[in-house]
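Open the model in your viewer and keep the selection panel at hand. Each stop below says what to select and what is there.

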Amino acid sequence: MPDVVVIGGGVIGLSIAWELANNGSTVRVLEQGTFGREASWAGAGMLPPGNLALARTPEARLRGATHAQWPDWAASLESLTGIEIGYHRCGGVEVRLPEWPNASELPGLISSLRSEGVIVETDDVAEVRRRIPTLATDLAAAFSMPEFCQVRNPRYLAALQAGCEMRGVELIAGAPVRQVEVTGNRIESVRAAGDEHRAAEFVIAGGAWSGEFLRQIGIHLPIEPLKGQIVLLQANPLPFRSVIQVGREYLVPRSDGRILVGSTEERSGFDKRTTARAVNDLIGFARRVVPDLADATFEKCWAGLRPYSNTGQPFIGRLPQFVNACVAAGHFRYGLHLSPVTALLIRQVLLGQPVLLPEECHVPGF
Ligand SMILES: Cc1cc2nc3c(=O)[nH]c(=O)nc-3n(C[C@H](O)[C@H](O)[C@H](O)COP(=O)(O)OP(=O)(O)OC[C@H]3O[C@@H](n4cnc5c(N)ncnc54)[C@H](O)[C@@H]3O)c2cc1C
């Protein structure tokens, strides 16, 4: 019997398994489909900067802690597995165009980032355009963040999976957990694909499916799927090397000339189909922000289901209803970025160690 059974093999479940295995626990991960092929594969891999020392909100504390972890986290995965995950500091700019009414929000955003100790290098539009000359000529506002990073998430997931296997984690695909055997306030076992899995501790890391899963054991955490579509373009040479964000839409350049254009936010249940409207809008957005992209090649498009929580924060920590179960879900737009800190916090909770962010590990007892 393993020490821990993790339910869900996305970036969150695999990161927790990797972290626990590195700290001496035996771990089994049950994945209903294929490991790392849901939201974690579909994401864009943006890793925005943060600074724990000066962070004041729960969101900023999680972002700051994970930002500090990423360099060592990526290096240890790469050195063990030999898989290059494309983690690097590419820089990022936030821009606004005249037709977007919210250019006036940038000064507030800049001062909030600066008060957190995040470097905002310049907020001079002309200077941002000098650095990225392919940007639209009529920007209304812009600023740059040199510490912005990115990761190639499909490679990151491959490395996590390989790292887990090398550390002896049992990875079982095609194992949908549908039944949970409970005695009082203890989970005894779960059943998946006809097999019973017992463990001392259980971790629910089922992404967008977590709300539905938890309801069957009487827990009502507000986690639901929110679809995001992405268009992949190819442009050689790359017209820019930094991430370009325009509020909730963005362009993420990869070193091989690919550019991810994202993304929508759609309530359509568990439907992952792409639509002509979204693809058209995303391409229009890309061309408006970087006009040269009119000549880019269209490679493909896809959609993923973000685990959205209306609290604005993921649920990380012990479920108050059980003595041996944790949840790590609801990371919405930031699960790739927050995977190292989530794994750290769950490891600290499960192994009875001092918890870095105790307030962020409080799961309400709905
Ligand atoms: C278009 C898009 C762009 C994004 N961009 C970024 C970004 O730039 N940066 C960032 O940090 N984040 C980004 N995200 C968000 C990020 O992808 C998610 O927050 C993250 O992947 C969530 O990870 P997860 O492991 O919780 O969920 P998932 O990756 O969905 O994994 C959950 C897994 O659990 C399995 N599962 C569920 N229920 C069960 C069950 N009962 N039994 C067994 N297995 C089960 C599922 O099959 C799935 O594989 C983006 C997401 C999308 C869709």
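Start with helices α1 and α3: they are roughly perpendicular to each other, because that term covers angles of 65 to 115 degrees. Select residues 11–22 for α1 and residues 58–81 for α3; they pack at an angle of about 75°, with their axes 13 Å apart. Axes here are lines fitted to C-alpha atoms, for helices over the stretch in contact, and angles run from 0 to 180 degrees between N-to-C directions. Now show the side chains of the contact (heavy atoms within 4.5 Å). From α1 come Ser15, Trp18 and Glu19, and from α3 come Trp73, Ser76, Leu77 and Leu80. By class, that contact has four nonpolar, two polar and one charged residues. Ala, Val, Leu, Ile, Met, Phe, Trp, Tyr, Cys and Pro count as nonpolar, Asp, Glu, Lys and Arg as charged, and the others, Gly among them, as polar.

A word on what you are viewing. This is a predicted model, in which local features need pLDDT of at least 70 and side-chain atom pairs count only at pLDDT 80 or more, while totals for chains, interfaces and linings use all residues. Residues are numbered from 1 along each chain as its sequence is written, and side-chain values use heavy atoms, with hydrogens and water left out. Helices (H or I, at least four residues) and strands (E, at least two) are DSSP runs, numbered from the N terminus.

Next, colour by domain. Domain 1 takes 4–84 + 153–222 + 311–361, and domain 2 takes 88–147 + 224–309. These bounds come from an automatic or database domain assignment. The C-alpha centres of the two domains lie 27 Å apart. Their contact takes 31 residues from domain 1 and 30 residues from domain 2.

Move to the open sheet of three strands, ordered β9-β10-β11 with antiparallel pairing. Strands pair if DSSP finds at least two bridges between them. Which strands stand at the edges? Select β9 (177–183) and β11 (195–198): each has a single partner strand, so one side of each is left without a neighbour in the sheet. Neighbouring strands here are turned by 25° against each other on average, direction ignored. Six bridges join β9 to β10 (residues 186–192). Pick Val180 to find Val190 of β10 opposite.

Ala193 has a positive phi of about 50° although it is not a glycine. Most residues other than glycine have a negative phi, and most peptide bonds are trans. Is Ala193 buried or exposed? At 57% relative accessibility, Ala193 counts as exposed. Buried means under 20% relative accessible area, exposed over 50%, partly exposed in between (1.4 Å probe, protein chains only).

Phe332 also has a positive phi, near 45°. Find Phe332 in the loop between β19 (325–329) and α9 (339–350). At 15% relative accessibility, Phe332 counts as buried.

Now look at two cis peptide bonds. One joins Asn236 and Pro237, with omega about 0°; Pro237 is in the loop between β13 (223–234) and β14. Another runs from Gly262 to Ser263, with omega near -15°.

Finish at Gln245, in strand β14 (residues 243–246). At 15% relative accessibility, Gln245 counts as buried. Leaving aside neighbours within four places in sequence, Gln245 is in contact with residues including Met46, Arg96, Phe148 and Tyr250.

Notes: Angles under 35 degrees count as roughly parallel, over 145 as roughly antiparallel, 65 to 115 as roughly perpendicular and the rest as oblique.
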